[in-house]
Amino acid sequence: MKEQVIVMGGGVIGLSCAFELRKRGHEVTVMETSRCGGQASGAAAGMLAPYSENVEGPDAFFQLGLESLQLYPEWQAAVKLASGHSFEYTNSGSLYAVFHDADLLAFEGRQLWQCRHGASSRIVEGGELQRLEPNLASNVRAALYTPEESHLYAPHYVKALEQGCRLMGVEIIEQLEQLAVTEWQSEIRVRAADGRIFSGDRLVVCSGAWAKELEETFGIRIPVYPIRGQICAYEADALPVRHMVFSSQGYLVAKENGTLVCGASEDVAGFDTSVTDKGIERLRKWNRRLFPELEHRDPFHRWAGLRPSTQDGFPLLGPLSSSDRVIMAAGHYRNGILLSPATARFVADCLDEKQTVECKKAFSPERFGYL
Ligand SMILES: Cc1cc2nc3c(=O)[nH]c(=O)nc-3n(C[C@H](O)[C@H](O)[C@H](O)COP(=O)(O)OP(=O)(O)OC[C@H]3O[C@@H](n4cnc5c(N)ncnc54)[C@H](O)[C@@H]3O)c2cc1C
């Protein structure tokens with residue numbers, strides 16, 4: 001059955017859900033309090049790296065990330081086709097660098113489980129490591145090389161999603177300032193600050209770090225908090241870097257225009273998106289450790305975004321048990337760009353009743369309890 005769906009939030013998650021739902025024939029309206037892509041999604045480094053981001057083991061979050069990585073080739077082609085825009089989707093592979101012998105033991109365990117889950121990771125060192133990444137510091141002891149990981153240019157990806165949605169007939173309304181959900185059980189009604197009322201059959205909540213605002217409305221605990229990520233970029237030709245390079249303290253990734261993006265801090269600063277000298281200096285220190293040639297370079301661009309983090313690090317995904325008219329899709333923390341295709345598919349499957357809630361129980365939006 002084709003439904004009228006209201007998507008709250010025009011970040012990567014809201015736009016991806018809108019894109020998939022529209023593809024399946026639903027009537028979709030995206031309601032954005034500010035500007036599409038103006039928050040975390042437009043600030044992201046664009047890495048699609050479930051293996052490097054999950055060093056502990058193959059938990060439900062890793063599985064979702066892996067599913068999403070595997071959806072990406074087809075998904076990104078569909079977004080490109082619908083929008084006419086490309087966004088530097090690049091299969092560079094990644095290197096996770098360590099400096100000490102002691103870290104190699106952990107690598108062996110990691111490599112084992114990652115290879116059981118679709119990776120062809122291997123430990124590289126010495127001459128092979130230098131050939132793969134010639135400018136890497138000579139005291140890097142070894143790296144875990146994962147050829148399957150990719151990246152894209154996040155601001156262009158979000159633009160392409162927005163454009164694709166518009167061209168497919170999704171209505172996108174921005175600058176709504178404040179929205180109140182006034183009815184969500186017998187139907188969906190959302191009131192905008194200017195008094196307009198929007199109604200629909202279903203509501204998909206994709207308001208990122210702001211999702212907690214709906215706690216009282218739905219009577220559930222929504223422990224989503226902003227974690228500021230400060231990030232910076234060096235000018236084109238600062239240094240050729242071929243792979244995404246991770247360490248325990250940060251990462252570097254070169255974009256098609258030659259700029260080198262380096263991230264990112266994790267600070268608790270409320271909803272403040274300012275950049276601090278201390279935050280960037282810390283990143284620079286780690287960049288120099290990995291690539292000594294950056295010693296005398298200054299980043300030409302610095303920015304920050306608010307990652308939507310949850311208490312247990314997992315997103316809130318799925319319908320509410322009190323009303324399946326409401327589907328949550330928030331709290332993607334460090335991996336919303338990676339998780340966008342899998343989230344869109346899961347949300348659309350829930351709406352089309354193709355997927356039982358059971359299958360993604362770990363992400364239940366009610367797992368933190370009720371008010
Ligand atoms: C520095 C940095 C680097 C990152 N790097 C990566 C990376 O390399 N790979 C990766 O996968 N992820 C990365 N992330 C994480 C990723 O950016 C987020 O997980 C993702 O953007 C979350 O998307 P979202 O749509 O939920 O949130 P957002 O992009 O924040 O979008 C939420 C939107 O909802 C709007 N909104 C708020 N309240 C309401 C309301 N009541 N009604 C309607 N709209 C509302 C906001 O204005 C906003 O536009 C990074 C994040 C940061 C900050």
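Predicted model: local features only at pLDDT ≥ 70, side-chain atom pairs only at ≥ 80, totals over all residues.
Select S5 and S6, which pair in the antiparallel sense over 3 bridges, and then pick out arginine 122, which stands opposite tyrosine 145 in S6.

Return to H5 (residues 102-116) and show its side chains: Leu104, Phe107, Arg110, Trp113 and Gln114 are buried. The buried residues of H5 pack against helix H3 (50-53), helix H4 (60-83), strand S4 (94-98), strand S5 (122-124) and strand S6 (142-146). Just after H5, stop at glycine 118, which takes a positive phi of about 90°.

In helix H9, select asparagine 287. Is this residue, asparagine 287, buried or exposed? Asparagine 287 counts as buried because its relative accessibility is 3%, under the 20% cut-off for that class. With neighbours within four places in sequence left aside, asparagine 287 is in contact with Tyr234, Leu252, Cys262 and Leu294.

**Between domain 1 and domain 3**

Next, colour the chain by its division into domain 1 (4-80 + 154-219 + 312-363), domain 2 (94-147) and domain 3 (224-310). The C-alpha centres of domain 1 and domain 3 lie 26 Å apart, and the contact takes 20 residues from domain 1 and 21 residues from domain 3. The size of an interface is often given as the accessible area lost when the parts come together. Between domain 1 and domain 3 the buried area is about 1,900 Å², with carbon and sulfur atoms giving 65% of it. On the domain 1 side, select Met47, Ala209 and Tyr333, which lose the most area to domain 3 and together account for 33% of what that side buries.

How many salt bridges are counted between domain 1 and domain 3? The count is 1 salt bridge. Zoom in on glutamate 266 and arginine 334, which form a salt bridge whose closest N and O atoms are 2.4 Å apart.

**Backbone details to inspect**

Most residues other than glycine have a negative phi, and most peptide bonds are trans. Against that background, go to glycine 263 and alanine 264, which are joined by a cis peptide bond with omega of about -25°; alanine 264 has its place in the loop between S16 and H9. Tyrosine 333, in the loop between strand S19 (326-330) and helix H10 (336-351), has a positive phi near 45° without being a glycine. Move on to glutamate 353 in the segment after H10, another residue that is not a glycine and has a positive phi, of about 55°. Glutamate 353 counts as exposed because its relative accessibility is 61%.

For the last stop, select the open sheet of 6 strands with the order S8-S2-S1-S12-S19-S18 and mixed pairing. Strand S8 (171-173) and strand S18 (316-319) stand at its edges, each with a single partner strand, so one side of each has no neighbour in the sheet. Neighbouring strands of this sheet are turned by 15° against each other on average, direction ignored. S18 and S19 run antiparallel and are joined by 4 bridges, and leucine 317 has alanine 329 in S19 as its bridge partner.

Finally, show H1, which lies across strand S1 (4-8), strand S2 (27-31), S8, strand S12 (202-205) and S19, and runs at about 170° to S2. Within helix H1 (residues 12-23), pick glycine 14, which counts as buried because its relative accessibility is 1%. Residues up to four places away in sequence not being counted, glycine 14 touches Val7, Gly9 and Cys206.

Conventions
Residues numbered from 1 in each chain as written. Heavy atoms only, no water. Buried < 20%, exposed > 50% of the residue type's maximum accessible area, 1.4 Å probe, protein only. Helix = DSSP H or I, 4+ residues; strand = E, 2+ residues; numbered from the N terminus. Contact = heavy atoms within 4.5 Å. Pairing = 2+ DSSP bridges. Domains from an automatic or database assignment. Buried area = accessible area lost by both parts, 1.4 Å probe. Salt bridge = Lys/Arg side-chain N within 4 Å of Asp/Glu carboxyl O. Axes fitted to C-alpha atoms, helices over the stretch in contact; angles between N-to-C directions.
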